Amino acid sequence: MSDIHKTVQRWLASFKKGTDFDSWGQLVEAIDEYQILARHLQKEVQSVNNSTELTEDQKKTVGKIATCLELRSTALQTTQSQEEFRLEDLKKLEPIIKNILSYNKDFPFDVQPIPLRKILAPGEEENLEFEEEEEDGGAGAGVSDLFTTRVPGAVEGTLLPRLPSEPGMTLLTIKIEKIGLKDAGQCIDPYVTVSVKDINGVDMTPVQDTPVATRKEDMYVHFAVDVEIQKHIERLPKGAAIFFEFKHYKPKKRFTSTKCFAFMEMDEIKAGQIVIELYKKPTDFKRKKLQLLTKKPLYLHLHQILHKE
């Protein structure tokens, strides 16, 4: 398979990944995937050495696909978008991407390629594995003007009170103490989303967000917040797990992104301290394809409290 065919296959895989997230309601992950793919497509459009062997007409089509990805990202970030672009509209682009080398029909939407906001030097860009990008330092002057899209309730959190006790049943309180990250000090408005999933990734309890962390120290973001699990432990099915998704705001992209995640399985529910490993996004609720975030000794630090009548 030639390089151009491999590149198209990667584009197609990323596109399907984004639309899958979109259809599952994982909007943060969908936006992230769309934005990264759009940037790669835009870079191909502006390629000066024609490394992908695309004709000028094909480059225009690729640029228009990037525009549609941006439009869908915008539609997901606001409930009152003036240029709403639906998922079913976006899915019409899949056969165009697949057949980009032979596509010669009119583009289905009246859009134009948009200029690339930033082109990285060779060697600086990530491969088309679409992993988490490294941010360029902390928030600089003027960045506050870009804080336009936030997850509702993120600042104060959406934590729920403890359930009423029942005889012979156990409730669990998890104190999220801190998370270790090499760039902890650069994370803007960080918080953790806590959910309980069965073995198939289906929610067993309401999803809860912690308040935004206000303290960062060295390589740690400190939370010191209690999360009340909304189901008695005895009523959780075999194979269930408690997930912790670390999220932060990206001013350059104007949305909140999942940076990494961790999970705790049922046999790890024990009173006292526990540290659990961090994994690369996207969050794999079925725990099938896990990749550690880092080889460094950085973890999510928790303290468990069991309540039993």
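## Salt bridges

The predicted model contains 13 salt bridges, a salt bridge being a side-chain nitrogen of Lys or Arg within 4 Å of a carboxyl oxygen of Asp or Glu. One of them joins the side chains of Arg235 and Glu166, with an N to O distance of 2.9 Å. This pair links distant parts of the chain, 69 residues apart. Arg235 lies in the loop between β5 (220-228) and β6, and Glu166 lies in the loop between α5 (94-98) and β1. Helices (H or I, at least four residues) and strands (E, at least two) are DSSP runs, numbered from the N terminus.

## Basis of the model

This is a predicted model in which local features need pLDDT of at least 70 and side-chain atom pairs count only at pLDDT 80 or more, whereas totals for chains, interfaces and linings use all residues. Residues are numbered from 1 along each chain as its sequence is written, and side-chain values use heavy atoms, with hydrogens and water left out.

## Helix packing

The axes of helix α1 (residues 3-24) and α2 come within 8 Å and cross at roughly 155°. Axes are lines fitted to C-alpha atoms, for helices over the stretch in contact, and angles run from 0 to 180 degrees between N-to-C directions. The two helices α1 and α2 are therefore roughly antiparallel to each other (angles under 35 degrees count as roughly parallel, over 145 as roughly antiparallel, 65 to 115 as roughly perpendicular and the rest as oblique). Their crossing is left-handed, that is, the near helix is turned anticlockwise from the far one by less than a right angle. On the α1 side, the contact (heavy atoms within 4.5 Å) includes Trp11, Phe15 and Phe21; on the α2 side, Leu27, Tyr34 and Leu41 are among the residues involved. By class, this contact of α1 with α2 has eight nonpolar, three polar and five charged residues. Ala, Val, Leu, Ile, Met, Phe, Trp, Tyr, Cys and Pro count as nonpolar, Asp, Glu, Lys and Arg as charged, and the others, Gly among them, as polar.

Helix α2 (residues 27-45) also packs with helix α3 (residues 56-77): their axes come within 8 Å and cross at roughly 155°. That angle makes α2 roughly antiparallel to α3. The crossing of α2 past α3 is left-handed. Among the residues that make the contact are Ile31, Leu37 and Val45 of α2, and Val62, Ile65 and Leu76 of α3. The residues of this contact of α2 with α3 comprise 13 nonpolar, five polar and four charged.

## Strands and sheet

An open sheet is formed by five strands in the order β3-β2-β6-β7-β9, with antiparallel pairing; two strands pair if DSSP finds at least two bridges between them. Strands β3 (208-209) and β9 (279-280) stand at the edges, each with a single partner strand, so one side of each is left without a neighbour in the sheet. Strand β2 (residues 188-197) runs antiparallel to β3 and is joined to it by two bridges. Val194 stands opposite Gln208 in β3. Helix α2 packs on this sheet, touching β6 (241-250) and β7 (255-265), and its direction makes about 125° with that of β7.

Strand β10 (residues 300-308) is joined to strand β1 (residues 170-180) by nine antiparallel bridges, and Thr170 stands opposite Lys308. Five bridges join strand β8 (residues 272-276) to β10, again antiparallel, with Val275 opposite His301.

## Backbone features

The peptide bond from Lys281 to Pro282 is cis, with omega near 0°; Pro282 lies in the loop between β9 and β10. Asp189, in strand β2, has a positive phi near 50° in a residue other than glycine.
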